[in-house]
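Keep the 3D view open and follow along.

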Amino acid sequence: MRAVLLAALVVVTPGALFIAQSEGLRWVCEGRVPRPLRRVARGVARLGEALRRRPHAEPLPPVLLGLELRRLAAEVRRIEVDRQPHRAARLAAALAAYDRVLIELCEQAQVQAPRGLPPLSSHARLDLEADLVASGVDW
């Protein structure tokens, strides 16, 4: 019985691999999706169409960005006096979020904002805040 199973395994495995390779090549060369994968391919195609049709998000109004800056500033102050563990990591995350909203508000107010990703240095952050206040934006 073992000999029969081993012989069947030796014959069936290479045959199955050969069929899988030929179907894969047909898929790549001719564009015909193999039958077992057709349902998955249709789902992926529908997902791609839905992502392409998704409208772009409109930017938040400056008033909401100012409210978010106020909330994030309060969060930074709370973390600075808090005695919870991982204070440095939480402070860095809150400052990065604050800087991102600050840069977005600068872009909407046509204030020169630095290029690159947050976090900003404390000097650059203070300069941006001063420029925003000078341009009439308040939070």
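You're looking at a predicted model, where local features need pLDDT of at least 70 and side-chain atom pairs count only at pLDDT 80 or more, while totals for chains, interfaces and linings use all residues. Residues are numbered from 1 along each chain as its sequence is written, and side-chain values use heavy atoms, leaving out hydrogens and water.

Now for the salt bridges. That name means a side-chain nitrogen of Lys or Arg within 4 Å of a carboxyl oxygen of Asp or Glu. Searching the whole structure turns up 6 of them.

Start in helix α1, where R26 and E23 sit 3 residues apart, about one turn of the helix. (Helices here are DSSP runs of H or I with at least four residues, strands are runs of E with at least two, and both are numbered from the N terminus.) The side chains of R26 and E23 form a salt bridge, at 2.9 Å from N to O. R26 is partly exposed at 28% relative accessibility, and E23 is partly exposed too, at 26%.

Next, hop to helix α3, residues 62-81. There R71 and E68 are 3 residues apart, so about one helical turn separates them. Their side chains also meet in a salt bridge, 2.7 Å from N to O. R71 is partly exposed at 47%, and E68 is partly exposed at 27%.

What about D82 and R90? Their side chains make a salt bridge at 3.9 Å, N to O. D82 is buried, with a relative accessible area of 18%, whereas R90 is partly exposed at 24%. Through salt bridges that share partners, E75, R78, D82 and R90 are joined into one network.

R32, R35, R38, R39, R42 and R46 gather in a positively charged patch on the surface. Patch members have over 30% relative accessible area and no salt bridge; like charges are joined within 9 Å, and nonpolar side chains (Val, Leu, Ile, Met, Phe, Trp, Tyr) within 5 Å. Lys and Arg count as positive and Asp and Glu as negative, with His and the chain ends not counted. Each charge is placed at NZ of Lys, CZ of Arg, CG of Asp or CD of Glu. R32 lies in the loop between α1 (2-30) and α2 (38-53), and R32 is partly exposed at 45%.

Methods: Areas by Shrake-Rupley, 256 points an atom, 1.4 Å probe, with all protein chains shown as cover. Buried < 20%, exposed > 50% of the residue type's maximum accessible area, 1.4 Å probe, protein only.
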